[in-house]
Amino acid sequence: MDKVWVLAEQQDGAPLGIVLELLTAARGFGNVVEAFTWGPGAASAATTLGLYGATKVYDIGDIGESLPGPKVAAAIAAEVGRGNCPDALLVGATYDGRDIAARLSVRLDRPVLTNIVGVDASSGALTTEHAIFGGSMVLRARFTDGVPGIFVVRAKSFAAEPAQPAESAEAGGQPPAVVAVEVPETGATDAARIVARHEEERSGPKLDEAAVVVSGGRGLGSPDNYALIVELAQLLNGAPGASRAIVDAGWVPYAFQVGQTGKTVKPTVYIACGISGATQHMVGMKGAKNIIAINKDREAPIFTIADLGVVGDVTKVVPKLIEAIKARG
Amino acid sequence: MNVAVCLKQIPDTAVPPALDPQDHTLIREGKLIMDDSDSYGVEMGLQLVEAAGGGEVSLVSMAPNGETSGLRTALAMGAAKAVLASDPVLAGSDALGTAKVLAAAIRRLEPDLVLAATESTDGYTGTTPVQLAELLGWPSVSFAKHIEIADGVLRVQRQTEAGYDEVTCPLPAVVTVTAGVVEPRYPSFKGIMAAKSKPVDEVTVADLELDPSEVGPVGARQQVISVEAAEARKSGEIVVDEGDAHERVISFLEQLKVL
């Protein structure tokens, strides 16, 4: 495959983890890997993007208070319209990534493959892997014709590895060329404006990066009992997570959700407390190295994938677990 | 204030899903029900119309065999009418093809606002609503967890990695809602009875003036190559709590060097 583009979402100069994962994957099958980025900090992001294999970075520039979807899609479509067309565009399955892929799909009249968890380029064209039915089946798909292929990939599908050590850039290694790309007229599609940004307070490691994740579900019985999950997570230097059921019920914010519609996590240990194991939850955590499940229903599907299953009431087992860990000092 | 809600009718989630052995598409032949994820959009639409003091909620759906069971559920909640695109040539359509069909149906309704779920429960591609917005030439706000309308302008709390953004957006627009944006009502008996006689306008690809090559498997320009069982995780040790199961958890965590 000749040329691969990676959509490089970044914040204050730091590309998201998924971007580095996608660049690593792209190096495996693309002769040329280039990145598209936007927003303040693009210049410093370019250095990191280069370390992970991007030889050129297209900078769409500051998009102000616009949502990224319309402007970024229009800029990429315009570049393709000028005859600069990659074979594949890899997009991370983030809030903004999905918007951009969707709008670009219409602008180029190209289909999109989403929820990708693996790729295979051995046949020349890309074959994509998708986890379906809660991860119990693997579906393989491909585009039948045309370029560019638009591929939306789930986080943690690939491990991120730099193409060259960080010192080489500092020691005069070639940083990628940064090329400014103009945003064409976007009309009414770009009428939405961000007027305020709210960040929820969180302490401890991030949910999708933590080595230990402790998640709670309906089996906790009441929102107050979620404090047990938070305390256990803190004691294990981990992050608290949640099933969709208790997020929908408003017990905890959406940012805590593990599963199809939430985060994909691959910790060393995942402790599922009072979670039955709906397929949409399992697809987000079955990649954990070890799974401990505590649930009072012996027939709960979560036990079919747990390395250690405790059949019991979480509101009894977890407090004892917390006391025992504290007693160790 | 007229709101159109995209509603997907899906196989009953209580029944294990199955794929067609020939083309590996999801089997959608049996009775279909309203995707639960869409109940939030229906409820949000009803509340926004009520707050505006006039207008109605219309439903837009694409389904095989003239299926209306799921639509009737939303009509029973209080939606006024529905447009259903049903045509054998639509089988095997992808997200973009579906968006083209829904956009054509929505142009007939001329709503002020289109609501949709962030993704469906059975296919979860998650791109159709924003593709729809681009086709209509409208702005969109995805992942809304709160919506208000004042002076014809939307004010949306949009979910982000770190928390949420307050976003303003003029109408018309497409908004995708997360579960929890509102608590969906249960249809009343009166609502269920009334739903039976509410209008459902069934349309074909020709009625929508779409080129058949833009939909179905031809329009999708993608194919499933294979479907195989994933490498299964085996279940491990199971202990029944007799008051001391936490000790086994501790020793397991020690073994993993987490403790």
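Predicted model: local features only at pLDDT ≥ 70, side-chain atom pairs only at ≥ 80, totals over all residues.
Q: To begin with chain B, how many helices and strands are in its secondary structure?
A: Chain B has seven helices and 13 strands. Its C-alpha trace spans about 65 × 45 × 40 Å along the principal axes.

Q: And what share of chain B is buried?
A: Of the 259 residues in chain B, 46% are buried.

Q: What about contacts in chain B, how many of those with a separation of 6 or more join residues 24 or more positions apart?
A: Such pairs account for 72% of the contacts in chain B that have a separation of 6 or more.

Q: Let's pick one helix. Where is helix 1 of chain B, and what length does it reach?
A: Helix 1 of chain B covers residues 36-52, which is 17 residues. From its first C-alpha to its last it reaches 25 Å, close to the 24 Å expected at 1.5 Å a residue.

Q: Is that helix 1 of chain B mostly covered or mostly uncovered?
A: Helix 1 of chain B is mostly covered, with 12 of its 17 residues buried. Among them are B:Tyr40, B:Val42, B:Met44, B:Leu46 and B:Leu48. The buried residues also include B:Asp38 and B:Glu43.

Q: What follows helix 1 of chain B?
A: The residue after helix 1 of chain B is B:Gly53, and its phi is positive, near 80 degrees.

Q: Switching to chain A: how many residues of helix 2 are buried there?
A: Helix 2 of chain A, residues 42-51, has seven of its 10 residues buried, and is thus described as mostly covered. The buried residues include A:Ala42, A:Thr48 and A:Leu51. This helix 2 of chain A is followed by A:Gly53, whose phi is positive, near 115 degrees.

Q: Now the two chains together. How many residues of each are in contact?
A: There are 67 residues of chain B in contact with 73 residues of chain A. Several elements of chain B each supply at least two residues to the side that touches chain A, including helix 3, strand 7 and helix 7. By class, that side of chain B has 34 nonpolar, 21 polar and 12 charged residues.

Q: One more topic: is B:Phe189 buried or exposed?
A: B:Phe189, found in helix 5 of chain B, is exposed, because 8 other C-beta atoms lie within 10 Å. The C-alpha atoms of B:Phe189 and B:Leu48 are separated by 23 Å, and these residues are 141 residues apart along the chain.

Q: And what is around B:Glu202?
A: B:Glu202 lies in strand 11 of chain B and is partly exposed, with 15 other C-beta atoms within 10 Å. Leaving aside neighbours within four places in sequence, B:Glu202 is in contact with B:Gly66, B:Leu84 and B:Ser86. B:Glu202 and B:Met62 are 140 residues apart in sequence, with their C-alpha atoms 9.5 Å apart in space.

Notes
Residues numbered from 1 in each chain as written. Chains lettered and ligands numbered in written order. Helix = DSSP H or I, 4+ residues; strand = E, 2+ residues; numbered from the N terminus. Buried ≥ 20, exposed ≤ 12 C-beta atoms within 10 Å, placed from the backbone. Contact = placed C-beta atoms within 7 Å. Expected span 1.5 Å × (residues − 1). Nonpolar A, V, L, I, M, F, W, Y, C, P; charged D, E, K, R; others polar.
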